There are 2 protein chains.
Amino acid sequence: MINKIEITDKRFDLVKGAGSDAIHKDPQYSYAVTQLSEGDKTGTGLAFTLGAGNDLVCKAAQFYADTLKGKGIEELMSDFGSTFRSLSNEQQFRWLGPHKGVVHLGLASVTNACYDLWAKKRGVPLWKLLIDLSSEEIVNTLDLSYLEDVMTKEEAIELLKNQADQKTVRNGILDKGYPGYDTSVGWFNYDDEKVRENCKKAIANGFTAMKLKVGSADPKRDVRRANIVREVAGEEVKVMLDANQQWTLPQAISICNELKHMNPFWVEEPTHPDDILAHQTLAKKIAPVKLALGEHVPNRIIFKNYLQTGCTGFAQVDAVRVGGVSEFITISLLCKKFNVPVVPHVGDMGQLHQHLVLFNHIAMGHEALFLEHIPHLKQYFLNPIKIEKGVYITPQEPGSSCDLK
Amino acid sequence: MINKIEITDKRFDLVKGAGSDAIHKDPQYSYAVTQLSEGDKTGTGLAFTLGAGNDLVCKAAQFYADTLKGKGIEELMSDFGSTFRSLSNEQQFRWLGPHKGVVHLGLASVTNACYDLWAKKRGVPLWKLLIDLSSEEIVNTLDLSYLEDVMTKEEAIELLKNQADQKTVRNGILDKGYPGYDTSVGWFNYDDEKVRENCKKAIANGFTAMKLKVGSADPKRDVRRANIVREVAGEEVKVMLDANQQWTLPQAISICNELKHMNPFWVEEPTHPDDILAHQTLAKKIAPVKLALGEHVPNRIIFKNYLQTGCTGFAQVDAVRVGGVSEFITISLLCKKFNVPVVPHVGDMGQLHQHLVLFNHIAMGHEALFLEHIPHLKQYFLNPIKIEKGVYITPQEPGSSCDLK
């Protein structure tokens, strides 16, 4: 049973310019780290922040983690959906969300530690634990409340069962490796020359997809830089543009109609992440250009609304933003039902998500499109992700690869 | 200039059963209190929570309040919209929302302290300060970003200007007093007999509107209790039913269709506050019964979406949940544009909102419908609200009536 709980506030300085975007000029990548120990195994869970306030998330994580003391991890995970539901609805703490902001980030950290501990106890990588579970066992780890109008528990099980016979075929990805894309070619503060150089490097490193930060006060800067990336990358490479919520709806419509000439694979976070109807309007106005969204969407209910409006080209759910692995899987099931690809935002730098996209592909039948790659914290992880020729090498160590040195 | 900042974590125990609803079985009404001093005047601002985590909101308030040290309150308020915008988008802290949860509650506390200090410096009650400001001065205190698709700054000023010539007519409310409604007749944990007694008392006290908590596991309990209230209150009294998010969408459709027979004035918070599309579906299915919503809606952008869907019968924006008085006014302007009445939820127990509804009615032309009344914290306020014959007596002391003893 869980007999030791430790919460740690970890903050890392980045080299100048790295991580910058239209809204976040000078982030400090940080984790609220939960560690839960049972016997000689310690599960590590992360929630991601940009520095200030990481201590608040730690306090929220402590609040949730303390309730797990004395529970056995196997028993806990056999019905984790109930635990998730009761923790996320704790009757006083719930007021601080519900299911969003600091408290939900704290819950993510604790939830992720539970999954990590579970996999370590079984001595397998998280992707293997998850793909070997039965459909019922998976769904027992989920809280499907407030989704009844689009997906019942029975439908969720059915959806997974229908994918089971193709699991062995899709297992091939484990040897091939999951494709990555390079986010770091065009951080907002990088000058044109650095963007050009980085594109060349990305291609030399085998990437076939990459991302540029847009959302400048001067739209001409966005267009110029987007054209640079397209020019260096060529027509075959997928280029994504990320505005990080910087535009108003009228601005987004106008600028996206200029940017569409360089054929972006998607436009990401064009405006405020709460503005579902603005995304719906924008998606119609700029079709066939597709929207990617979800980095700041905190829970399954808002994702449900985004999917229902039909504006979501790509769902960028992040397991260190929503309530951890459990809600990540719930949202992935919703996306599968609505036929929308899941391309996670990686606040975890891909450490955890490399496991989750393998599960999504193999057990849920999601397309193995590509996973974001951000290298800036590599040196701090015990088992950093390995990427070769633009492809994530399948991790083999037990757990979810989230242990920090 | 602001030379002293104090943040206090205040928690109050309630008598057994008071404050209980379908979700919150045992709340502890609490305030994260911000105090900002300039010279001999101290402004007090509140954010409301249910106990656990109130310390997190205090920490967030401290983060924002510290940035105001050395600023003069008059200068600050002459362009408070810019300050609100820059604080709520602080580039690291923003990740923890944005514009929701713990950080936004912290901002509410600080914003409210600014308005209170402003009114105290001028030696007038907040309602008077606000109704005497010009349309431009009001709009300068607001952050209208991400609303450009429905309301520009110019339109907001125009909307207020169009109401200016009727101000003196509507001033009559100051003498008559603003009507109240009684929320405390039917808390969830009260038994049938207590509900019956409380209804009689409410009517004897002059109330013509009252609220019952529903959302029981057994819908028959809801129907039985709703019928009791209707029976005691008679046909003329307005009876509101509040489910506090307890129902799934399918449940809400079914139960509301039973409850409509007792002719509720509104059904409040039927399901999850993030589920805009569920509210839209429900509103259509149970018309002409109207929905009241907003107690847990954290910001102007989500209110905009709710208004755009047409499902909002009554907007229950709460100035101690959204980013304080500034965003309350912004949302009230949106509601006016969409022709939806504002009937605040009163996490402040009506202390602050008695000022704001007077402003909304007199300066913005909102109907003076009624304001929620909850008496449970009366003894802790320096100038508690006064209610006589079911009507709020207009407060005359300088400030926003939020000082605690």
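These questions and answers walk through a predicted model with chains A and B.

Student: How much area do chain B and chain A bury between them?
Tutor: Carbon and sulfur atoms account for 61% of the buried area. The total is about 5000 Å².

Student: How many salt bridges are there between chain B and chain A?
Tutor: One salt bridge pairs A:Asp274 with B:Lys100, with the closest N and O atoms 2.8 Å apart. Polar contacts between the chains come to 32 residue pairs. The salt bridges between chain B and chain A number 4.

Student: How many residues apart in sequence are the parts tied together by B:Arg122 and B:Glu74?
Tutor: Their side chains meet in a salt bridge, 2.8 Å from N to O. B:Arg122 lies in helix 4 of chain B and B:Glu74 in helix 2 (residues 73–78) of chain B, so the pair ties together two parts of the chain. The separation in sequence is 48 residues.

Student: Is B:Lys211 buried or exposed?
Tutor: B:Lys211 forms a salt bridge with B:Glu372, at 3.3 Å from N to O. B:Glu372 is buried, at 2% relative accessible area. For B:Lys211 the value is 1%, and buried means under 20%. So B:Lys211 is buried.

Student: Which helix holds B:Lys161?
Tutor: B:Lys161 forms a salt bridge with B:Glu136, the closest N and O atoms being 2.5 Å apart. B:Glu136 lies in helix 6 (residues 135–140) of chain B, 25 residues away in sequence. B:Lys161 lies in helix 7 (residues 153–163) of chain B.

Student: What is the omega of the peptide bond from A:Ala287 to A:Pro288?
Tutor: Most peptide bonds are trans. The bond from A:Ala287 to A:Pro288 is cis. A:Pro288 sits in the loop between helix 13 (276–286) and strand 8 (291–293) of chain A. Omega is near 10°.

Student: Where is B:Pro98?
Tutor: The peptide bond from B:Gly97 to B:Pro98 is cis, with omega near -5°. B:Pro98 is in the loop between helix 3 (80–88) and helix 4 of chain B.

Student: What is the phi of B:Gln245?
Tutor: Most residues other than glycine have a negative phi. B:Gln245 is not a glycine, yet its phi is positive. B:Gln245 lies in the loop between strand 6 (238–242) and helix 12 of chain B, and is buried at 0% relative accessibility. Its phi is about 75°.

Student: Where is A:Leu369 found?
Tutor: A:Leu369 counts as buried, at 13% relative accessibility. Its contacts beyond four places in sequence include A:Tyr178, A:Phe265 and A:Val343. A:Leu369 is found in the loop between helix 16 (353–364) and strand 10 (371–373) of chain A.

Student: How far apart are the end C-alpha atoms of residues 192–289 of chain A?
Tutor: UniProt, in an unreviewed entry, lists this span as "domain: Mandelate racemase/muconate lactonizing enzyme C-terminal". The span is 51% helix and 13% strand. Its end C-alpha atoms lie 24 Å apart.

Notes. Residues are numbered from 1 along each chain as its sequence is written. Chains are lettered from A and ligands numbered from 1 in the order in which they are written. This is a predicted model: local features need pLDDT of at least 70, side-chain atom pairs count only at pLDDT 80 or more; totals for chains, interfaces and linings use all residues. Side-chain values use heavy atoms; hydrogens and water are left out. UniProt positions are given in the numbering used here, feature names are shortened, and annotations may be inferred rather than shown by experiment. Helices (H or I, at least four residues) and strands (E, at least two) are DSSP runs, numbered from the N terminus. Buried means under 20% relative accessible area, exposed over 50%, partly exposed in between (1.4 Å probe, protein chains only). Contact means heavy atoms within 4.5 Å. Buried area is the accessible area (1.4 Å probe) that two parts lose on being put together, summed over both. A polar contact is a pair of N or O atoms within 3.5 Å; within protein, one must be able to donate a hydrogen and the other to accept it, and residues adjacent in sequence count only if both atoms are side-chain atoms.
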